[in-house]
Every structure is written in C-alpha cells, then in structure tokens.
Amino acid sequence: MLPTLIDFIIVVLLIGTLVYAYLLDRRVRTLMLALREMEPMVGAFSSAVDQSARSIEDLRELSVTPRRAEPPLQRRRGAAPADEPRPTQKTTAASPDPKGPVRGQTSVPGKSDLVRTFFDITKERQK
C-alpha cells in the first residue's frame, strides 16, 4: 500500500507541473506578442533618446566654447558697454562641471544597438 501512495503523489505533482508549465507558456506567448507590437515604438523612442543625448552634448559644447558673435550695436558705434558683465576666468569649487556626470544618471553607450539586439535575439529564439 505504501508504494501506491507515493506513486499517486508523484502523479499529482507531475500533473500540477504540467498545468503550471502550460499557463506559463501562454503568458510568455502573450508577452512576446506585446513585445512584437511595441518594437517599432521602442526603437523610435530609443532613437529619440539618442538624438536628445546628442543635442544635449552639442548644447554643452556651445555653452563651454565661446563662439564669435557679431558685436552689439553699441560696440560698432564705438561706445563702451556699461552694463555688460565681464567674463572671469576663475572658477570656484562649488560650480558644477558642465561635462561631469549627473547624479543618478547612468550612461549606456549604444542604446539603440542594445534595443535592436534584444529584438533580434527574441526573433531568433522564436524561429
């Protein structure tokens, strides 16, 4: 009688495992369908993030490197500017480094490539 009780418990556990695997498989398939639908949107978002990062770097470069602008009207006429602030060369320790990392920000190079690789891998696994 003892071996049949153990056999019955093993059969019940196997059936439970098969049911759980079936439910998990359905959820994974649903997730993969959602990911396929989101692929163009995620790719566009990743490209937009890369473009905004490039724009921020360009703006930082413009703010750090002085550019030659046309002199104001007062200077062309020969008048001395009275209210223009003079640029100073000294920097204080309290001023933030314009190219330094932002607190809480993680730099991930090649985000677009990372996203494309993710979707390529998921496509290969489904084949």
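Student: Which residues line the largest cavity?

Tutor: The general idea is this: on a 1 Å grid over the protein atoms alone, a cavity is a set of points where a 1.4 Å probe fits but cannot get out, and lining residues have an atom within 4 Å of a point. Here, the largest cavity is lined by Met-32, Leu-35, Arg-36, Glu-39, Phe-119, Thr-122, Lys-123 and Gln-126. Helix H1 (2-64) and H3 are the elements that give two or more residues to this lining. This is a predicted model, in which local features need pLDDT of at least 70 and side-chain atom pairs count only at pLDDT 80 or more, while totals for chains, interfaces and linings use all residues. Residues are numbered from 1 along each chain as its sequence is written, and side-chain values use heavy atoms, with hydrogens and water left out.

Student: What is the volume of the largest cavity?

Tutor: A volume is the space filled by probe spheres set on the grid points, which are joined across faces, edges and corners. For the largest cavity the volume is about 50 Å³, and the structure holds one cavity of 30 Å³ or more.

Student: How many helices and strands does the chain have?

Tutor: Helices (H or I, at least four residues) and strands (E, at least two) are DSSP runs, numbered from the N terminus. This chain has three helices and zero strands, giving the pattern α-α-α along the sequence.

Student: Which residues of H3 are buried?

Tutor: Buried means under 20% relative accessible area, exposed over 50%, and partly exposed in between (1.4 Å probe, protein chains only). In H3, Ser-112, Phe-119 and Thr-122 are buried. Seen down the axis of H3, these buried residues fall within an arc of 105 degrees (taken from the directions from the helix axis to the C-beta atoms), so they line one face of the helix. Leu-114, Glu-124 and Arg-125 are exposed on the other side of H3. Over the 127 residues of the chain, 6% count as buried.

Student: Where is Lys-123 found?

Tutor: Lys-123 belongs to helix H3 and is partly exposed, with a relative accessible area of 40%. The C-alpha atoms of Lys-123 and Met-32 are separated by 9.4 Å, although these residues are 91 residues apart along the chain.

Key
On a 1 Å grid over the protein atoms alone, a cavity is a set of points where a 1.4 Å probe fits but cannot get out, and a pocket is an open set with protein on both sides within 12 Å along at least five of seven lines; lining residues have an atom within 4 Å of a point.
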